[in-house]
Amino acid sequence: MEIKKTSLNKLHQINKAKFVEFAGYEMPIQYGRGIIEEHKFTRSHSGIFDVSHMGQLFIYGDGSLTEELEKIFPLDLKNLKLNCSKYSFLMNEDAGIYDDLIITKIEEGYLIILNAACKDKDFEILSNLLSSKFKMNLDNNRSLIAIQGPKSVEILNSIINDVDKLNFMTGNWFDSDNQKLFITRSGYTGEDGFEISISNDKAEKFVENLIQKGAQLIGLGARDTLRLEAGLCLYGHELDINKTPVEANLRWAISKSRLSNGGFIGSKTIMSQIQDGASQIRVGIKPEGRLIAREKTKIFDDQDKQIGEITSGTFGPSVNGPIAMGYVDKDFSKVDTKILIEVRGKKHPASVCALPFYKKNYVKGVN
Amino acid sequence: MSEVKFSKEHEWITLEGDVATVGITKHATEMLGDIVFAELPEKGSNVEKDGTAGVVESTKAASDVYTPVSGEVVDTNQSIVDDPAKINEDPEGGAWFFKLKIKDSSELDTLMNKEEYDKFAKETSN
């Protein structure tokens, strides 16, 4: 299959991107300055991320759409206000996760942002679950641009008025350059920022404009170190079909009102795991010293018994040390529990720690 | 000091008497990206030509460091363990990895000179 390119591909090349294949797309892993510089620039200034490979699924329908979606997602969608977003999951009957996603209530429907590697399967699953009377559009004509970091609000607001009035996890339509952009205040870095859905033919010019105002393109490499410092899950690593939201320590994303009555796919497993506790749980892990524990690193107790596995691990540029996430048996999931990680055949000390590794306050309201 | 020689695994080596100094090339650091971790062989240990003699890790991945010749490790550069970013800054100078008392100087004959290595690096990165 031919590798797919986003509408910013040329701009990436001009900015000296190193490319990798990701979910069938040619995507920039880093640019000339390198992952650490890109990471730090995002934390201190403003980084632009091409996330156009992700799926933008628009679903339109009448009131019964909300009812049908509530049978799928563990959310209180009836009480979700217009332009408000929620983090959620598409699950199977055993609460195994097909994908994690952001769903936003828009006029006459919903916008769902899906992971690139999962979007086609998600579309198929949702098409089968939902009545055919609803209009579903996995829109390939729109690009998705994230802008993240403390200067992002000022930069974006200088191009599009009033984006600074958006609260965290809300969105709206904005007019710019004779077209409609859907912008949400959200992100994946632990920084304040926005995600902008824009038609493909306008994306390059829009990003050039952001660059001119001082923001810089950031690759997937720094996106990974940023999200890991922020303690955020990456599908295919922390989350997959064999993990449930309870095991992934994402219970907070399940609406309380849905826990009492269930009625969504996977609810039986979720409710029993909440009651009895999951046997394994996702935790933060801090290796001692500078040692990096990568994905699939085995975790042991001091009796040489394997108690878990690392799902993501790297060096955190802002915390200036190694960081990781992984799953451990619930008896070892308390913060400060001492564990051992096996790297290159030797066991090294590490400890379970609180997430996130790096915390900044998101903008909650309008100042 | 002898001419700098290079291996296909992107190490450089110089010889002074029977003691060789080994590091990784600038080209290697450019391919690896930001180096955030380094592990060196133990002083006093013996390493075999083309065998593993250390590890470097970037934000992206771990890579083994090989020794271009056999010998006994007589010194290691602790400063790159404490501050791995030095490897990106000065890979072919201050950020050497280890010194070896070499066994057989003829092993150096199999290595590339600068011109050959530059050509090799250019070809393999395309």
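**Exercise 1.** Determine how many of the eleven residues of strand S16 of chain A are buried, and state what follows for the strand.

*Solution.* Step 1: the model is predicted, and a residue counts as buried if 20 or more other C-beta atoms lie within 10 Å of its own. Step 2: nine of the eleven residues of S16(A) are buried, so the strand is largely enclosed by the rest of the structure.

**Exercise 2.** Identify the strands that pair with S16(A), and describe how each is connected to S16(A).

*Solution.* Step 1: strand S15 (residues 298-300) of chain A is joined to S16(A) by three bridges, and the two run antiparallel. Within this pairing, A:Phe300 stands opposite A:Gln306 of S16(A). Step 2: S15(A) and S16(A) make a hairpin with five residues between them, and A:Asp304 in the turn has a positive phi of about 70°. Step 3: S17(A) is also antiparallel to S16(A), with eight bridges joining them. Here A:Gly313 has A:Ala324 in S17(A) as its bridge partner. Step 4: S16(A) and S17(A) form a hairpin as well, with four residues between them; A:Asn320 in its turn has a positive phi of about 55°.

**Exercise 3.** State how chain A is divided into domains, and describe the side of domain 1 that touches domain 2.

*Solution.* Step 1: chain A consists of domain 1 (9-53 + 140-229) and domain 2 (279-353). Their C-alpha centres lie 31 Å apart. Step 2: eight residues of domain 1 of chain A are in contact with eight residues of domain 2 of chain A. On the domain 1 side, H2 and H7 of chain A each supply at least two residues. Step 3: by class, the residues on that side are two nonpolar, two polar and four charged.

**Exercise 4.** Describe the side of chain A that touches chain B, and report the confidence scores of the complex.

*Solution.* Step 1: 13 residues of chain A are in contact with nine residues of chain B. Helix H2 (35-44), H7 and S16 of chain A each supply at least two residues of the chain A side. Step 2: this side has five nonpolar, five polar and three charged residues. Step 3: the predictor gives the complex an ipTM of 0.84 and a pTM of 0.93. For chain B, the mean pLDDT is 95, and 98% of its residues reach 70 or more.

**Exercise 5.** Decide whether A:Asn83 and A:Arg344 are buried, partly exposed or exposed, and locate each residue.

*Solution.* Step 1: most residues other than glycine have a negative phi. A:Asn83, however, has a positive phi of about 70°, and A:Arg344 has one of about 50°. Step 2: A:Asn83 lies in the loop between helix H3 (63-70) and strand S5 (85-91) of chain A. A:Asn83 has 19 other C-beta atoms within 10 Å, so it is partly exposed. Step 3: A:Arg344 is found in the loop between strand S18 (338-343) and S19 of chain A. With 12 other C-beta atoms within 10 Å, A:Arg344 is exposed.

Technical notes. Residues numbered from 1 in each chain as written. Chains lettered and ligands numbered in written order. Predicted model: local features only at pLDDT ≥ 70, side-chain atom pairs only at ≥ 80, totals over all residues. Contact = placed C-beta atoms within 7 Å. Nonpolar A, V, L, I, M, F, W, Y, C, P; charged D, E, K, R; others polar. Domains from an automatic or database assignment. pLDDT = per-residue confidence, 0-100. Pairing = 2+ DSSP bridges.
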